[in-house]
Protein chains: 4
Amino acid sequence: MTLELDKLALQAFLDEVFPQVAGEFVVETVQEMYSEIRLPVAEKHLRPGRTVSGPTMFMLADVAVYATVLAMIGKKALAVTTSCSLDFMRKPAAGKDLLAKCTLLKLGRVLAVGDVLLFSVGEQMPVARATLTYSIPPK
Amino acid sequence: MTLELDKLALQAFLDEVFPQVAGEFVVETVQEMYSEIRLPVAEKHLRPGRTVSGPTMFMLADVAVYATVLAMIGKKALAVTTSCSLDFMRKPAAGKDLLAKCTLLKLGRVLAVGDVLLFSVGEQMPVARATLTYSIPPK
Amino acid sequence: MTLELDKLALQAFLDEVFPQVAGEFVVETVQEMYSEIRLPVAEKHLRPGRTVSGPTMFMLADVAVYATVLAMIGKKALAVTTSCSLDFMRKPAAGKDLLAKCTLLKLGRVLAVGDVLLFSVGEQMPVARATLTYSIPPK
Amino acid sequence: MTLELDKLALQAFLDEVFPQVAGEFVVETVQEMYSEIRLPVAEKHLRPGRTVSGPTMFMLADVAVYATVLAMIGKKALAVTTSCSLDFMRKPAAGKDLLAKCTLLKLGRVLAVGDVLLFSVGEQMPVARATLTYSIPPK
């Protein structure tokens, strides 16, 4: 399989389908079955203690898998998340962006499964991990 | 075990620890090991197609378990989510609030486990389910 | 929706498709979108400490969802598990059978989602919970 | 952190604490925060279609995380699984052993989190993935 969307095309598509969060997700890398997406952490992503909120981490992991699937199959805005598992392991470092490293483990006709590690940029150990399953609409 | 916080005390505490979202989570019911929390759905919770976003559903489930744990053990802002599993089963109905029905399955010395069903208010079948584990700080 | 298989038909089908474990799963109750399956605990299900092993609990939860799906859609041996989340909350009581209470939360054209609580028979609090997703083969 | 148990010591300990399955789990590699454990697939692990059963895959993933934790903290038979998420992505190849590659993502004072990819030996894409959380008993 080869990429249907390169880095620029993927960034443009994300900004188009999520206009309310345009600019919030920066495509850093996109390869076959793999991508890295960065979230520039802003005030609205924080919760007391100045750590990144859980919903923000979920959102970034979700977008990372969506983006990696789309990069492979092309623009299909209708792929939907069917399930997710998350483990929160460390507090994200204050004042650092979050980076999602996503690997597609499966890209089937009906289901795609992506594994995500979330890092505070520059740190070695992940702050969280997630696996998400997407249902892919029939052609 | 009995309740440490009643409905009013729990509502006040949630508004205090999450000032940035005060008023977003309405405690409808609180009982031993059980609560119902409603999210008045607003524009910012929606995504294209006018359905409630995944991060919003995660956030509501997370808050519901947190609230149910606190109602039982009293004010401990430091309880933290360690893991979560989510299944998204139906699109939330447009224009309806979301209601989380949370049952604590375990309330141990170190870990608490809560099961949540999320409903579009007035609908019979859940839109999503979630299980969250919280780590409880030592006294 | 109505039941395609009643209690006797479901028991017969389970014994037929899992001949190597015939008699290990006892269908106690089957209703629309709900079933109860009992595992008579034997020596081979135990691990040190004489508690029921994790794989045994996984197996019972998996079979319970499979059985509840089949009761609704009829004999389709090819439905396959695509994902599972499990939480282990208490040690199963020694010398007591395990009972799975399974509720289908979704029975779609392509995916089914079942929620399971596992009990040591006669105990009030569950020993474990599980959610399993099954992929249903096209007709 | 350094290893408390090397390959030989870890193999001996697994055979000792799981006497009923001695020889079923072969420690292939053990490093800091990482191990590879092989399951020689036998008739009893198969189900109709001659594919490896789900409970067998759960068991191997569970043992792999347990072994990797013990290699780091030394012999503590009492570490217990508290939660697990699993995704089944492909049918295991018939007649091939299963190999678990386990990475510890967290090794805390109270909780350890391990990520596992399961492979049919010699295949490039994983048949399943799992994340397990272990609760570590206080000293």
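This is a predicted model: local features need pLDDT of at least 70, side-chain atom pairs count only at pLDDT 80 or more; totals for chains, interfaces and linings use all residues.

Student: Thank you. What is the order of the strands in the open sheet?
Tutor: The open sheet has 12 strands with antiparallel pairing, in the order 1(A)-2(A)-6(A)-7(A)-8(A)-5(A)-5(B)-8(B)-7(B)-6(B)-2(B)-1(B).

Student: And which strands stand at the edges?
Tutor: Strand 1 (26–31) of chain A and strand 1 (26–31) of chain B do. Each has a single partner strand, so one side of each is left without a neighbour in the sheet. From one strand to the next, the twist averages 20°.

Student: How many bridges join strand 5 of chain A to strand 5 of chain B?
Tutor: Five bridges join them, and the two strands run antiparallel. Within this pairing, Ser83(A) stands opposite Asp87(B).

Student: How many residues of chain A are in contact with chain B?
Tutor: On chain A there are 15, in contact with 15 residues of chain B. Helix 2 (54–73) and strand 5 (80–88) of chain A each supply at least two residues of the chain A side. Strand 5 of chain A gives the largest share, eight residues.

Student: What classes of residue does that side have?
Tutor: The side of chain A that touches chain B has eight nonpolar, five polar and two charged residues.

Student: Changing topic, what joins strand 7 to strand 8 in chain B?
Tutor: Eight bridges join strand 7 (residues 111–120) of chain B to strand 8 (residues 128–135) of chain B, and these strands run antiparallel. Val113(B), for instance, stands opposite Thr133(B) in strand 8 of chain B.

Terms used: Residues are numbered from 1 along each chain as its sequence is written. Chains are lettered from A and ligands numbered from 1 in the order in which they are written. Two strands pair if DSSP finds at least two bridges between them. Helices (H or I, at least four residues) and strands (E, at least two) are DSSP runs, numbered from the N terminus. Axes are lines fitted to C-alpha atoms, for helices over the stretch in contact, and angles run from 0 to 180 degrees between N-to-C directions. Two residues are in contact if their C-beta atoms, placed from the backbone, lie within 7 Å. Ala, Val, Leu, Ile, Met, Phe, Trp, Tyr, Cys and Pro count as nonpolar, Asp, Glu, Lys and Arg as charged, and the others, Gly among them, as polar.
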